[in-house]
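The sequence and the model come first.

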Amino acid sequence: MWRLKIAEGSGPWLRTNNNHIGRQVWEFDPSLGTPEEIAEVERAREEFRKNRFEKKHSSDLLMRLQFSKENPLEMDFPIIKLQDHEDVTEEAVLTSLRRAISRISTLQAHDGHWPGDYGGPMFLLPGLNKDGGWGLHIEGTSTMFGTALTYVMLRLLGEGSDGGFGAMEKGRNWILDHGSATAITSWGKMWLSVLGVFDWSGNNPLPPEMWLLPYFIPEDLYYPHPLIQDILWASLHKIVEPILMHWPGNKLREKAINTAMQHIHYEDENTRYICIGPVNKVLNMLCCWIEEPNSEAFKLHLPRVSDYLWVAEDGMKMQGYNGSQLWDTAFTVQAIVSTNLSEEFGPTLKKAHEFVKNSQVLDDCPGDLNSWYRHISKGAWPFSTADHGWPISDCTAEGLKAALLLSKISPEIVGNQIDGRKLYDAVNVILSLMNQDGGFATYELTRSYAWLEIINPAETFGDIVIDYPYVECTSAAIQALTSFKKLYPGHQREEIDTCITKSARFIEKIQQADGMDLGVFASPMGLVAAGRTYESSSCIRKACNFLLSKQLASGGWGESYLSCQDKVYTNLEGNRTHAVNTGWAMLALIDAGQEIMGVFNRNCMISAEEDFRKAQGKANAISSLRLCSPPALVVVFLQPKSPHKTPQSTLISSADLAPAFSILCAALCRLDCGVSEILGSFYGVFWDFLLIKMV
C-alpha cells in the first residue's frame with residue numbers, strides 16, 4: 001500500500017537547507033494496510049477507471065484516506081442543509097464556516113503545508129483519450145507528441161502490443177493514422193533518440209557552442225518552423241557541424257561541452273538536485289550519467305526523482321513541479337485569516353506560519369549571478385519548497401502577503417512573526433523583478449525580445465524563448481507592496497511608490513479595447529491596490545464590463561484552458577460553471593466596487609449596482625433575488641443539491657481545493673458594501689454554498 005511521507009529524507013545522497021520541510025514523497029510498503037483499507041483503495045481506483053473520460057482529474061483519495069486516519073476530524077458542528085423555503089440564520093452561517101475550516105485543517109501536513117497533486121502536463125505522464133491517443137495535457141486533444149511517447153513508455157513498462165484492454169492497439173493505430181512517429185515534434189524526436197528508437201540524424205542540431213557566444217546573441221531557440229529555421233538547421237547540419245567535429249573545430253566542441261556541463265552542475269547544486277522542473281531534472285541527470293556513470297552528481301540525482309512522482313486513485317503521475325506547497329499554503333492562510341476566526345483555528349495557522357517562514361529563500365546563489373544567468377533570490381519565496389529555491393515574482397508576493405497577515409495576529413496564537421529584515425529582503429526581490437515597462441515576469445527580468453520566437457524550434461510550445469511580463473504577477477506584486485507599505489511606511493517608500501505606479505500603468509497599457517487581457521481576473525485587484533477606483537479608472541470599468549459579459553445564465557463563470565491557448569475568451573464545454581473561475585470573477589468585481597446583490601437560481605449572481613437599479617422595475621429580476629431583511633444574509637450557492645448526481649460543473653480537483661477556498665472566502669470578505677460575518681462551506685472536494693452576513 002502507498003504511503004505519503006512528509007518532510008522526510010536521509011542518507012548521504014540527499015541534500016537540504018531546511019531539514020526537508022515541504023518535501024512530499026510517496027513510498028510503497030507491501031506490509032502496510034488492512035484488507036479493508038486495501039479494498040477501499042481498489043474501489044477508488046476502479047471508480048476512477050470507469051469514469052476516466054468524464055472525470056479526468058483525481059480527487060487525491062489515497063492521500064485523503066491516509067489523512068483521515070492521521071488527522072481524524074472530531075466534528076462537533078451539525079451539518080447545515082437548508083431547504084429552499086428556509087431562512088438563513090446567523091447560527092447556520094457560523095456553523096458552516098467552522099465546519100469548512102475544520103475540514104481543510106485535517107488536510108494539512110505536520111510541517112504546515114497542504115500536500116496535493118500538481119500533475120496535468122501530458123508530456124510527463126498523460127491520460128488516455130477516447131480516440132486512443134494522448135494529449136499534451138490532461139484536457140487536451142490527442143497529439144503525436146503525447147501519443148508516441150506514451151506508447152513507447154508503456155511498452156518499456158511491460159505492456160504488450162495488444163495489452164491495456166485494447167488501449168495499446170488503439171494507440172498504435174492512432175499513431176499510424178496520423179503520419180507515424182516521424183510526425184512527432186522536435187522535443188519528442190530527441191527523447192525517442194535517447195531511447196534508441198529514432199536516429200539522431202532526424203533531429204535539428206543544437207550545438208553546445210552556443211553557450212560560448214556573447215550574451216547579446218540569441219541562445220535559446222524554440223516553436224513552429226518558419227523558413228528562417230529551415231535555413232538555420234540546414235546550415236548547422238551541413239556546414240557548421242562537420243567543421244566542429246574535426247580538428248581544430250573539435251577543440252571548440254570540447255570547450256563548449258565543458259561549459260554546458262558547468263551550467264548543469266550549477267543548477268543541480270543550487271536546487272539540491274531537484275532542478276527547476278521535471279524535464280530539465282531528467283535531462284540534467286542523463287547528462288551527468290553520460291559524463292560519468294558512477295559520479296557523485298548522478299548519485300545525488302537519483303533520490304530526487306521521487307520528489308516529482310505523485311500517487312492517487314488514477315495511478316502514478318509525474319508532477320509539473322516538485323509540488324505547489326508554498327503557493328497553496330499562502331492562499332489558504334489568506335483565506336482563513338479573512339474569516340476573522342484566526343483565534344479559533346490558531347493551531348492550523350501556527351503550523352502554516354512556520355512553513356511560510358521555513359520556506360523563504362535565505363541566500364543568493366553563489367558566484368557571479370550574471371555569468372550563470374541567475375537573478376537574486378535572497379528573501380524570495382518559491383512555488384514549492386526552499387530546497388527547490390528558484391525565486392518567483394508572484395510566489396514571493398503571495399508569501400509576503402501571508403507573512404504580513406500573520407504578523408498582525410498575536411504571537412500566542414500563530415507564533416512569532418517573521419524577522420522584519422527578511423520582509424525587507426522579500427520587498428527587495430520584488431522591486432528587482434520589475435521590468436522597465438512596469439510589468440513582472442516570473443523567474444527573471446525580460447532579458448530579450450519577442451521577435452526571437454521566430455527561431456523557436458520546440459514545435460510544441462509558444463512564447464517561451466524569453467520570460468514575458470504577466471498581469472497576474474504584476475497584480476500580485478502591487479498588492480504585496482501595498483500591504484507592506486501599510487505596516488512599514490518608512491522602508492523604501494519612494495522605490496515602492498514608483499514600482500506601484502509603473503506597474504499599474506503596465507496593466508492599463510496592455511488591456512485590450514474590449515477590456516480583456518489574459519489576466520482579466522487579476523487586473524482590477526492590482527489597479528485597486530494601486531489606488532484606482534471604479535469611478536476613476538476606465539480600465540477597471542472595462543474589465544468589469546468584460547467579466548459581466550462572460551457571466552453564464554446560471555450566474556457563475558467557467559473558462560476553458562483554450563482561452564490561454566487561443567487568446568480568445570472561451571467557456572467550458574457546455575457552458576458549465578466552475579467554482580474557481582467564479583471565485584476569481586467575484587474577487588475582481590468586488591474589489592472594483594461592484595456588489596453581490598443576491599442569488600439567482602441557487603447560484604451566485606453578480607450585478608453592478610447601476611445594473612441592479614435598472615433592473616429594479618423588472619418583475620423577473622426582482623423575483624430572482626433572495627435577500628433577507630437587514631441585517632441581510634446572502635446565500636451564494638455553488639453546488640445545487642441533488643441526491644442522485646453531482647454536477648460536473650462544480651467538480652474541483654484537490655489541487656484546486658486550497659486556492660478555491662482562498663479565492664471565494666477572500667472575495668466575500670472584501671465586499672465594499674459592509675460585511676458582518678463571512679462563511680463558506682464545502683464537503684469533500686465539492687463546494688456546497690457560501691454565506692455572507694451584510695451589515
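A residue is called buried when its relative accessible area is under 20%, exposed when it is over 50%, and partly exposed in between. The model shown here is predicted, and these cut-offs can be applied to single residues in it.

Begin with Leu156, which lies in helix α4, a helix made of residues 144-156. Leu156 has a relative accessibility of 60%, so it counts as exposed. Leu156 also belongs to a nonpolar patch on the surface, together with Leu195 and Val197. The accessible area of these three residues together is about 300 Å².

The last topic is empty space. Rolling a probe the size of a water molecule over the atoms shows where such space is left. In this structure there are 5 cavities of 30 Å³ or more. The second largest cavity has a volume of about 70 Å³. It is lined by 13 residues, and the closest to its centre are Gly22, Arg23, Asp307, Asn322 and Thr385. What kinds of residues make up the lining of the second largest cavity? The lining divides into 6 polar, 4 charged and 3 nonpolar residues.

Conventions:
Residues are numbered from 1 along each chain as its sequence is written. This is a predicted model: local features need pLDDT of at least 70, side-chain atom pairs count only at pLDDT 80 or more; totals for chains, interfaces and linings use all residues. Side-chain values use heavy atoms; hydrogens and water are left out. On a 1 Å grid over the protein atoms alone, a cavity is a set of points where a 1.4 Å probe fits but cannot get out, and a pocket is an open set with protein on both sides within 12 Å along at least five of seven lines; lining residues have an atom within 4 Å of a point. Grid points are joined across faces, edges and corners, and a volume is the space filled by probe spheres set on the points. Ala, Val, Leu, Ile, Met, Phe, Trp, Tyr, Cys and Pro count as nonpolar, Asp, Glu, Lys and Arg as charged, and the others, Gly among them, as polar. Patches are made of residues with over 30% relative accessible area and no salt bridge: like charges are joined within 9 Å, nonpolar side chains (Val, Leu, Ile, Met, Phe, Trp, Tyr) within 5 Å. Accessible areas come from the Shrake-Rupley method with a 1.4 Å probe; for residues, only the protein chains shown count as cover. A salt bridge is a side-chain nitrogen of Lys or Arg within 4 Å of a carboxyl oxygen of Asp or Glu. Helices (H or I, at least four residues) and strands (E, at least two) are DSSP runs, numbered from the N terminus. Buried means under 20% relative accessible area, exposed over 50%, partly exposed in between (1.4 Å probe, protein chains only).
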